[in-house]
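Good morning, everyone, and thank you for making the time. Please have a look at the sequence and the structure on the screen before I start talking.

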Amino acid sequence: MPRSVKEIIEQGEELARRFEDFKPDPRDRVRARSLAAVHRAALARVKTEAALADAVSKARAAGHSWSAIGTVLGTSGEAARQRYGQRDRPRPRAV
């Protein structure tokens, strides 16, 4: 760990040199693409889950039972309530 201004500058110059001299392995590009695909899929899942939770909340507000919602989701009403029921209740305010 650098302790003086001179050491910090030297470390910065060394890191800059490493960056400038870096030659990526062509296989890294393929690996990065596959991880990027995982990242995009995860983001899509989060957006879909948020949209589903919002739809369930609106269905509950419209008076639909947990049993009906569970049926549409392909699960039991109890499982639907356990997963999405927390969103139905007002959240406690932070103190």
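This is a predicted model: local features need pLDDT of at least 70, side-chain atom pairs count only at pLDDT 80 or more; totals for chains, interfaces and linings use all residues.

Confidence is lowest in helix 1, residues 5-21, where the mean is 85, and highest in helix 3, where it is 97.

As for the layout, the chain contains four helices and zero strands, and from the N terminus on, the elements run α-α-α-α. Of the 95 residues in the chain, 11% are buried, and the accessible surface comes to about 8,300 Å², of which carbon and sulfur atoms account for 59%. If we take the contacts between residues at least 6 apart in sequence, 26% of them join residues at least 24 apart.

Which residues, then, make up the largest nonpolar core? There are seven in all, namely Ala53, Val56, Ala59, Trp66, Ile69, Ala80 and Tyr84. Helix 2 (26-61), helix 3 (66-73) and helix 4 (77-84) are the elements that each give two or more residues to this core, and helix 2 gives the most, with three.

Let me stay with helix 2 for a moment. Helix 2 has 36 residues and spans 53 Å from its first C-alpha to its last, which is close to the 52 Å expected at 1.5 Å a residue. Its buried residues include Ala53, Val56 and Ala59, and what covers the buried residues of helix 2 includes helix 3 and helix 4. After helix 2 comes Gly63, which has a positive phi, near 100°.

Turning to helix 4, we find Gly77, Ala80 and Tyr84 buried. Seen down the axis of helix 4, these buried residues fall within an arc of 60°, and so they line one face of the helix. The buried residues of helix 4 pack against helix 2 and helix 3.

Finally, what does Tyr84 touch, if we leave out residues up to four places away in sequence? Tyr84 touches Glu49, Leu52, Ala53, Val56, Trp66 and Leu73, and among these partners Ala53, Val56 and Trp66 are members of the largest nonpolar core, as is Tyr84.

How values were computed: Residues are numbered from 1 along each chain as its sequence is written. Side-chain values use heavy atoms; hydrogens and water are left out. Buried means under 20% relative accessible area, exposed over 50%, partly exposed in between (1.4 Å probe, protein chains only). Contact means heavy atoms within 4.5 Å. Accessible areas come from the Shrake-Rupley method with a 1.4 Å probe; for residues, only the protein chains shown count as cover. A nonpolar core is a set of buried Ala, Val, Leu, Ile, Met, Phe, Trp, Tyr and Cys residues joined through side-chain atoms within 4.5 Å. The expected span of a helix is 1.5 Å times one less than its number of residues. pLDDT is the predictor's confidence in each residue, from 0 to 100. The arc is that of the directions from the helix axis to the C-beta atoms.
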